[in-house]
Amino acid sequence: MGLDVRLVADQSAVQAEAAHPEAGALHIVGRALLSNRKALAGVVILGIFLVVAIVPGLLAPYDPHAQIFEQTLGPSRAHLLGTTGNGQDIFSQLIWGTRESLAIAIIAGLLATVLSLLIGVSSAYLGGLSDHVLSLFTDVFLVIPTLPLMIVLAAYARNGGLAVLIAVIVITGWSYGARQLRSQALSLRNREFLDAARVRGERSSYVIVFEILPTMTSLIVANFLGVALYAVLAAAGLQFIGLGNPSDMSWGTMLFWAQNNGALNAGSPLWAILPGLCIALLGAAFALLNYAFDEITNPALRPVRRRR
Amino acid sequence: MAVTIDRAAPSEARAQPESTTPAWVVQTSGLTKHFRVGGFFSPRFLHAADDIDLSIAERQIVALVGESGSGKTTVARLLALIYRPTRGEIRFKGRPLGSLRTRREVLDYRSRVPMVFQDPYSSLNPVYRVSHGIMRALKLHRPEVRPADRRAEAERVLESVGLTPPGRFLAKYPHELSGGQRQRIGFAQALASSPELILADEPVSMLDVSVRIGVLNLMAQLRTERGISILYITHDIASARYVADRLLVMYAGHVVESGPSEDVLAHPKHPYTQLLLSAVPDPRAPVNTMPSADVGEPPRVVDPSEGCRFRGRCPYAIEVCFQVTPRLRELRRDHTAACHVATADPAE
Amino acid sequence: MITVKPLLEVEDLTVEYATDAGPVRAVDNVSLDVAPGEFVGIVGESGCGKSTLLFAIARLLSTSCDVVGGSVRLHGRDLLAMDEQALREIRWRDYSLVMQSAMNALNPVLTVGAQLEDTIAAHESMPGREAHHRSASLLRLVGIDPLHLKSYPHQLSGGMRQRAMIAMALIFTPELVIMDEPTSALDVVAQRSLMLEIKELQRKIGFAAVFVTHDMSLVSHFSDRLAVMYAGQIVELGTTRELFRDPKHPYTRALMASFPSISGPKEFLQGIPGNPPDLVHPPAGCRFHPRCPLVEPRFRIEEPPMVAVGNTLVRCHRYGRDH
């Protein structure tokens, strides 16, 4: 029934009225992130990975590629997480691998989001035939099964390395976001401030960039986080089956080598488990931040804290 | 319970000297807008507005009254260049709008004919401070105001809509203001471009009753003190009477009655106007419990046939009403109605 | 004058919302009686608490609202103290609800008939044919052709939808029908039609009605008594006739003066200066004092008591024993 929703909406209005006076977009986001437990967890995890990715040299004790150590050692003081079947230090590999995994996530996320935005928002704003054509285009990509497409593309462009990996992820990952962003832009189309901008005499390009996009920031960020999560897992998956460049240093390639050497059976389980754990953690960080953004944009999902 | 009458009621503007051709700010003739319904290739059209002839003089508030679906908002949007007419012409100070070609010409029209919107909660962009729209309007339409002076000009505009101290209001975000304050910001945005005609699309419908009067008084003030004309779109005939000099009643896409507001209210000629007036709850009058034409609802006019669109609900409908669409004809001085049955009053 | 035992007795009802900035008192010590068959209007602007009051009475508040004080007695039994089981027995039988927008409250994917029968089935095990018969007669009662039992809500006009809502509310001929602005989504002609319909139904069936609206003039011809609310409190309560003849509270007077009239001479209207109060930090003393033309320094500090002036109750210092 419509009752509860309306009451909550009334309450949000009251909450909004009582909001902090300097409620710029950045303030709202900042405050929400810090006060939300899920967001805080996500920020902390992501923060740690970011630091590791920026200054791996400070944290990793050894060269990750150096196959100079005794193979398949367990954790010890010299090797915190042991060594691989090829005699490399697992801990250093994890540290250095962070950079590539994070880079893929962020770059692919950004590129896919920009593409989604371009196509989704233009589609909504232009309407008519252009909307039909662009939506059809989006739908085609949406419907193509991603895993087979990824494998086919990656296999085709073997040895293209990181750029190919990112391209594959962007091509398979933009369409979902484009649909979402188009939907939101469409719902905004009837908001009177857009009509007001047009009647004021603003050009269409101005309206899209300065009136529509700023109100969609939370969805755009949520989109980015979603694609980043997808990118982390997709990249790892592709590298695991050997479609990346095996001499790259990333968690996915670690898994590839661990699999090749039968790590789980050969007595170095950490070699297989730990990269997977890192992938899961990074993915979780993005997912947690995504939840938090959902709560920021939809007040109905917020837990109500009572102050007596 | 006496209400002090210490000021002339808002729609008694300074009397116009009798002149043969009043200065028309806007005139429309045969203005028509049809929307295709049912998809890209459908042959069906919704007749949102048909053959609208309206004129707005200088220093005049004209009210366009009708229920939702009557076409009144369509007319406003046509005048605001949001829609392009299917047929017919709009002239702004004698010049047809169809002849506006360059961006500069269009921008010039837009600066003289801004629009105020209905919903105070969605007519301001929530991510910007309320100064945003005003500053943009100044930038686009008032090149003579130097960037350094814009803020002062914005404050001046806010003062003229009654938001003081203006500096404090300029820094606020929309959600920090009440509905009435937001609508005043809407008027401020319109004023920032030095307008000659403001299109006000139901500016008070979503405001609390006690706040409405303030905004209506502001409109009257703009007309009287600054000579700005206003097209006031509303479904509330009482507020139309309060603030407007002339009243046009719309039904199902047609103008059915037009005249000075007092005269239309005192001598309603079209049966729909009579129905509207009888249905308005007025606590100061005894209740009218006559059922009259309470059946039916305003029709959705898709591909209508010839004939009066009110015929299904009209207690006076005769055969010709079903066959011939009535045109506006003068039944009292300066007061027209589109009805076959209505009779002209003898000249007074 | 015979005093009739009231059907509904609301006593010192107080409801609070939780917000980030602290609790907001949406309804503050409201007391109201409704006699059997009486039509009571509750009038106020947005944020005055009238809808919250209604939902509190109907036990439909969302989980973030709390009733922190007072009682709501229907036939002497406190609705607020009842558990879900006891409530289920009286809900829709002794009292029912008509909401503001039928398009929100009616299920768009079920026919009107299906929804009526659903509602019947939820409260009583009635054989299908009888339920169907009942639904048809209900629609006839509110002036809708029974063939619309097969119609979906979107196929009906706005006025008809609202009437279908009323039909639903009357399934078990309750003694009390609570209505939250049921006419606000309708145009002026449909509005009047619906009001006449409601009044006629009340005459036929005899239910008491509590009618919440922001439009005082709408309810003026139909209500027996009117309560005017401001900032969560009732500021004036009396017979409709008396309220319109001689409004006592400055807010009531100002509110009445805010309605432009279509008849009589044209008058300049003042409206009410200022803004609706912020319920998070309500004004001290009399809540209306920032906007009141008759304010005195003491009113800014002391809360005014509810005082009886003839048969009307007014919450205003000017009618206190010192005046």
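Two residues are in contact here if their C-beta atoms, placed from the backbone, lie within 7 Å. Among the contacts in chain C between residues at least 6 apart in sequence, 65% join residues at least 24 apart.

## Basis and confidence

This is a predicted model, in which local features need pLDDT of at least 70 and side-chain atom pairs count only at pLDDT 80 or more, while totals for chains, interfaces and linings use all residues. Residues are numbered from 1 along each chain as its sequence is written, and chains are lettered from A and ligands numbered from 1 in the order in which they are written.

The predictor gives the complex an ipTM of 0.84 and a pTM of 0.82. For chain C, the mean pLDDT (the predictor's confidence in each residue, from 0 to 100) is 88, and 98% of the residues reach 70 or more. Within chain C, confidence is lowest in helix H3 (residues 102–105), at a mean of 74, and highest in strand S3 (residues 39–43), at 95.

## Chain C as a whole

Chain C has 10 helices and 12 strands, where helices (H or I, at least four residues) and strands (E, at least two) are DSSP runs numbered from the N terminus. Its radius of gyration, taken over C-alpha atoms, is 21 Å, close to the 20 Å that the globule rule gives for 323 residues, so chain C is as compact as a globular protein of that length; the globule rule is 2.2 Å times the number of residues to the power 0.38.

The C-alpha atoms of chain C fill a box of roughly 70 × 50 × 50 Å along the principal axes. Of the 323 residues in chain C, 50% are buried, a term for residues with 20 or more other C-beta atoms within 10 Å of their own, with C-beta atoms placed from the backbone.

## The two domains of chain B

Chain B is assigned domain 1 (26–113 + 195–304) and domain 2 (128–191), with bounds that come from an automatic or database domain assignment. The C-alpha centres of these two domains of chain B lie 27 Å apart.

Between them, 12 residues of domain 1 of chain B are in contact with 12 residues of domain 2 of chain B. On the domain 1 side, helix H2 (103–112) and helix H7 (209–226) of chain B each give two or more residues, and H7(B) gives the most, with 4 residues.

## Where chains B and C meet

The contact takes 39 residues from chain B and 40 residues from chain C. On the chain B side, H7, helix H8 (237–243) and helix H10 (271–279) of chain B each supply at least two residues, and the largest share, 6 residues, comes from H7(B).

Conventions
A residue is buried if 20 or more other C-beta atoms lie within 10 Å of its own, exposed if 12 or fewer, and partly exposed in between; C-beta atoms are placed from the backbone.
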